[in-house]
Amino acid sequence: MALTTFNTGKDCQVVVLGPFGRVDLEHVTGFESRQITASVRVDRMDGTMVGAELPKGWDGSFDIERGSSSADDLVAQVEQSYLAGNTPPPGTLYQYVDEIDGSTSTYQFNGVVFKLTSAGLYKGDASVKQRLEFYATSRSTVS
């Protein structure tokens with residue numbers, strides 16, 4: 001039984017399938033996804049406004065406290081493949097959200113490409129924070 005009437009970060013798990021297999025990210029401290037749309041606005045001659053938001057994919061990020069080389073290895077493999085003249089296939093993400101009613105919602109991000117926007121700052125006794133960003137061509141609900 002849920003202790004709150006809203007979701008918290010602990011209610012979310014994400015599985016990363018990179019172009020070369022599963023990627024186990026250690027110590028993920030944050031996950032964010034955002035829908036990308038192209039806005040269309042029409043100002044009809046009769047004064048009525050009409051609008052639409054056309055889906056253009058999803059982007060997002062993982063905040064990581066570095067506990068393994070998995071994020072570094074992911075982008076290194078993609079880069080090495082590209083520099084060898086290959087086109088690495090896109091990956092897939094699965095997001096699992098434990099809902100308040102006890103059910104689980106599953107979302108699949110398709111056509112995922114990654115970039116490591118921060119490989120981390122190594123400094124004294126501080127943890128190394130990394131940021132892995134992604135772009136996905138679409139997101140769908142998995143039944």
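How many bridges join β5 to strand β6 (residues 104-118)? Seven bridges join these two strands, which run antiparallel. The structure is a predicted model, in which local features need pLDDT of at least 70 and side-chain atom pairs count only at pLDDT 80 or more, while totals for chains, interfaces and linings use all residues. Residues are numbered from 1 along each chain as its sequence is written, and side-chain values use heavy atoms, with hydrogens and water left out.

Strands here are DSSP runs of E with at least two residues, numbered from the N terminus. Two strands are said to pair if DSSP finds at least two bridges between them.

β1 in turn runs antiparallel to β2, to which three bridges join it. Gly18 has Gly21 in β2 as its bridge partner, and the hairpin formed by β1 and β2 has two residues between the strands.

On β6, two further antiparallel pairings are found. Five bridges join β6 to strand β8 (residues 138-142), with Gln108 opposite Ser140 in β8. Five bridges also join β6 to strand β7 (residues 129-136), where Ser118 stands opposite Arg131.

β3 and β4 run antiparallel and are joined by 14 bridges. Here the bridge partner of Ser39 is Glu53 in β4. The two strands form a hairpin with five residues between them, and Gly47 in the turn has a positive phi of about 90°.

β3 and β4 (49-65) also each supply at least two residues of a nonpolar patch. This surface patch is formed by Val40, Val42, Val50 and Leu54, which together have about 260 Å² of accessible area; Val40 has its place in strand β3. Patch residues have over 30% relative accessible area and no salt bridge, and nonpolar side chains (Val, Leu, Ile, Met, Phe, Trp, Tyr) are joined within 5 Å, like charges within 9 Å. A salt bridge is a side-chain nitrogen of Lys or Arg within 4 Å of a carboxyl oxygen of Asp or Glu. Accessible areas come from the Shrake-Rupley method with a 1.4 Å probe, and for residues only the protein chains shown count as cover.

The largest pocket holds about 320 Å³ of space. Of the 16 residues that line this pocket, Cys12, Gln13, Val14, Val28 and Phe31 are the closest to its centre. The elements that give two or more residues to the lining are β1 (12-18), β2 (21-23) and β3 (28-43). β1 provides the largest share, five residues. A pocket is an open set of points on a 1 Å grid over the protein atoms alone, where a 1.4 Å probe fits, with protein on both sides within 12 Å along at least five of seven lines; lining residues have an atom within 4 Å of a point. The volume is the space filled by probe spheres set on the points, which are joined across faces, edges and corners.

By class, the pocket lining has ten nonpolar, four polar and two charged residues. Ala, Val, Leu, Ile, Met, Phe, Trp, Tyr, Cys and Pro count as nonpolar, Asp, Glu, Lys and Arg as charged, and the others, Gly among them, as polar.

How values were computed. Helices (H or I, at least four residues) and strands (E, at least two) are DSSP runs, numbered from the N terminus.
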